Amino acid sequence: MRGRRWHELKGAGRGITQGNSGEQGRVLTATITNAHYDIEAIQAGDPLRADALLARLPELNGRADRPALAALARDLSTRALALTADGLPSPTTGLAVMRDLGMVLGSIKRHGTEPLTVVPELTPLLHALGQQTDLVPRDTVQHYTSWNPPGERRRTYTDDEQERWLQDAVRDVFPALSASLSISDALMELDPADARFAPTADRLEGMVRPMLEAIDSVTSRVSPVFFAQTMRPYFEEIDVDGVDYLGPAAAQVPLWLVDLCLWACDRNGPEYNAFLEESLIYALPDWRAFWARHVSGTSLVTRLEQRIGAGTEGKQESLARSAESLALLLRTLKTFRGRHIGIAKKAYADQVRLYDYGSGGAPIALLKRVLDLTRENETIMHAATRRGRP
Ligand code: HEM
């Protein structure tokens with residue numbers, strides 16, 4: 001990409017690209033996919049020489065210093081435009097630029113100003129950076145957590161350690177959830193009576209387990225009032241060229257990568273389905289490709305149910321074992337969702353909340369609905385286990 005002027009990128013404009021075609025497109029897609037997972041390179045990047053400037057962000061936010069925040073935005077904008085004047089840097093550097101710009105845009109919005117009215121000259125660059133890595137033209141939850149440097153260089157909105165606990169919890173679940181999609185792909189290729197099905201499903205369950213540690217950590221270390229009244233306003237949507245883009249939301253943690261093949265592709269309800277469809281633009285390109293591959297498929301729960309319903313002659317034990325493994329996986333999802341809804345209800349209680357909707361754009365009622373659907377599918381798999389093992 002280097003050397004090519006970013007405003008000449010084909011199709012630079014709103015939204016996200018639909019992917020690339022042809023040999024060159026395949027090479028580009030592979031480069032982009034690797035860039036998203038080259039976490040250490042993104043974290044190490046300080047392309048705007050912003051380490052010291054962003055270290056002051058908690059102080060500026062703490063005293064709601066709007067003029068200083070606007071001056072910081074202009075300074076970083078000038079640096080970003082100078083850096084990219086002759087072409088976009090590498091994708092990993094582009095992700096670091098977006099991360100650092102995003103912290104300041106979110107801060108300005110938190111104090112009541114639409115950020116691109118302060119730095120309108122940034123708009124084309126946000127589009128180009130988004131397009132370069134096939135993401136939305138603003139920062140996402142990955143920028144705020146996984147791609148955020150550790151230690152002293154970490155970017156935060158506040159100087160409260162609760163914000164760091166929140167970031168850590170979200171950051172820690174991305175590797176396993178991202179890796180889960182190849183396990184789901186493998187499961188979709190297997191007959192539920194295949195002896196490899198249950199151990200593969202057990203591996204998937206292992207990839208969901210970090211969600212329990214994450215929610216337990218947040219529940220014990222982050223107060224719902226702190227989340228609701230201090231953090232939530234930083235995750236507000238911003239207007240980029242007439243389109244509102246949501247801020248970095250924990251709701252965009254891709255737990256749905258596990259739901260989709262397990263049950264959601266053919267047993268979902270309209271509310272969770274609509275939420276997923278609306279959240280898709282914030283997902284990494286390979287997660288969106290996974291969605292496209294499986295959204296019209298037959299889920300693992302349905303396959304197991306049908307297979308056991310058709311008679312288990314000679315296959316009872318392996319089918320029962322497969323159903324049991326899926327029930328265990330659904331139980332882990334249910335446990336996460338049960339604990340998560342507890343803290344979410346407290347943060348969105350009438351006396352506490354500043355907003356009716358979560359930063360992912362949905363109300364608490366959605367969480368109850370997804371929990372119910374997870375429970376229903378777990379019950380179906382328990383029944384299938386019993387039928388397979390009369
Ligand atoms: C104080 C902490 C938290 C609160 C108040 C909270 C609140 C919410 C709310 C209101 C939603 C509905 C969608 C939306 O955001 O618009 C949601 C969804 C979601 N949140 Fe959280 N959340 C918190 C922490 C976390 C953490 C730490 C994780 C993961 C590590 C997480 C993962 C999710 C997921 C995956 C969803 C999508 C629905 C689902 O799969 O059940 N949340 N959250």
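Two residues are in contact if their C-beta atoms, placed from the backbone, lie within 7 Å. The structure here is a predicted model, in which local features need pLDDT of at least 70 and side-chain atom pairs count only at pLDDT 80 or more, while totals for chains, interfaces and linings use all residues. Residues are numbered from 1 along each chain as its sequence is written.

The predictor's confidence in each residue, pLDDT, runs from 0 to 100. Its mean over the protein chain is 92, and 91% of the residues reach 70 or more. Over residues 1-21 pLDDT stays under 50, and for this stretch the model has 40 contacts beyond four places in sequence.

The domain assignment, whose bounds come from an automatic or database source, gives domain 1 (6-139) and domain 2 (161-388). Taken over C-alpha atoms, the centres of the two domains are 29 Å apart. In domain 1, 21 residues are in contact with 16 residues of domain 2. On the side of domain 1 that touches domain 2, α1 (22-37), α6 (91-110), α7 (115-118) and α8 (123-132) each supply at least two residues; helices are DSSP runs (H or I, at least four residues) numbered from the N terminus. The largest share, 5 residues, comes from α6. By class, this side has 8 nonpolar, 6 polar and 7 charged residues, where Ala, Val, Leu, Ile, Met, Phe, Trp, Tyr, Cys and Pro count as nonpolar, Asp, Glu, Lys and Arg as charged, and the others, Gly among them, as polar.

The shell around the ligand has 25 nonpolar, 5 polar and 1 charged residues. Of the 31 residues there, A250, A251, A347, G358 and G360 come nearest, a residue being near if its C-beta atom, placed from the backbone, lies within 6 Å. Helices α10 (161-189), α11 (197-221), α12 (224-231), α17 (316-347) and α18 (364-388) each supply at least two residues of this shell, and α17 gives the most, with 5 residues.

Helix α10 has 29 residues and reaches 44 Å from its first C-alpha to its last, close to the expected 42 Å, which is 1.5 Å times one less than its number of residues. A kink of about 35 degrees lies at F174 in α10, shortly before the proline P175; the bend is the angle between axes fitted to the seven residues ending at a residue and the seven starting there.
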